[in-house]
Amino acid sequence: MMPIPHWAISWGPDINLTPWRGEIYGEDIVCSGDTIYIVYHDNRPETGEEVYFSNSFDAGTTWSNEIMLSPLDSCLSGFIKITCKNNY
């Protein structure tokens, strides 16, 4: 039997990955070791529905600034998925 990783034993408080309070949905999350990647749709008043990316290299303690992946006013982003291999 494999030991349970320290981060899987209990959850900490919620962490906001974005300062906005829009409609966040369709997220996809992948992990490799302590590295976490997340992509998500966010429907904001100033940009509309766009796809954003953020990552953490310390098991979610700190997060990168979000990066908009879709072009402004793009309705073509559809279903988003993310994958990683060996922390990349």
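Tyr-37 is found in strand 2, a strand being a DSSP run of E with at least two residues, numbered from the N terminus. The model is predicted, so local features need pLDDT of at least 70 and side-chain atom pairs count only at pLDDT 80 or more, while totals for chains, interfaces and linings use all residues. Residues are numbered from 1 along each chain as its sequence is written, and side-chain values use heavy atoms, with hydrogens and water left out.

Four strands form an open sheet in the order 1-2-3-4, with antiparallel pairing. Two strands pair if DSSP finds at least two bridges between them. Strand 1 (23–32) and strand 4 (67–68) are the edge strands, and each has a single partner strand, so one side of each has no neighbour in the sheet. Strands of a sheet pair through backbone hydrogen bonds, either parallel or antiparallel.

Strand 2 and strand 3 pair in the antiparallel sense over nine bridges. They form a hairpin with three residues between them. Within this pair, Asp-42 stands opposite Glu-50 in strand 3. Strand 3 (residues 48–56) also pairs with strand 4, again in the antiparallel sense, over two bridges. Here Tyr-52 has Met-68 of strand 4 as its bridge partner, and Phe-53 has Ile-67 of strand 4.

**Burial and the core**

Buried means under 20% relative accessible area, exposed over 50%, and partly exposed in between (1.4 Å probe, protein chains only). Eight of the nine residues of strand 3 are buried, so this strand is largely enclosed by the rest of the structure.

| Residue | Relative accessible area | Class |
|---|---|---|
| His-41 | 3% | buried |
| Tyr-37 | 10% | buried |
| Ala-59 | 28% | partly exposed |
| Cys-31 | 49% | partly exposed |

A nonpolar core is a set of buried Ala, Val, Leu, Ile, Met, Phe, Trp, Tyr and Cys residues joined through side-chain atoms within 4.5 Å. The largest one has eight residues: Val-30, Tyr-37, Val-39, Val-51, Phe-53, Ile-80, Ile-82 and Cys-84. Strand 2 (35–44) and strand 3 are the elements that give two or more residues to this core.

Phe-53 is one of the core residues. Leaving aside neighbours within four places in sequence, Phe-53 is in contact (heavy atoms within 4.5 Å) with Tyr-37, Ile-38, Val-39, Asn-65, Glu-66, Ile-67, Leu-69 and Ile-82. Tyr-37 and Ser-54 are 17 residues apart in sequence, and their C-alpha atoms are 6.1 Å apart in space.

**A polar contact**

His-41 also has its place in strand 2. The side chain of His-41 makes a polar contact with the side chain of Glu-49 at 3.5 Å. A polar contact is a pair of N or O atoms within 3.5 Å; within protein, one must be able to donate a hydrogen and the other to accept it, and residues adjacent in sequence count only if both atoms are side-chain atoms.

**A loop residue**

Ala-59 is in the loop between strand 3 and strand 4. The phi of Ala-59 is near 60°, a positive value in a residue other than glycine. Most residues other than glycine have a negative phi.

**The cysteines**

How many disulfides does a search of the whole structure find? It finds zero, a disulfide being a pair of cysteine sulfur atoms within 2.5 Å. The cysteine sulfur closest to that of Cys-31 belongs to Cys-84 and is 7.5 Å away, too far for a bond. Cys-84 is likewise in no disulfide.
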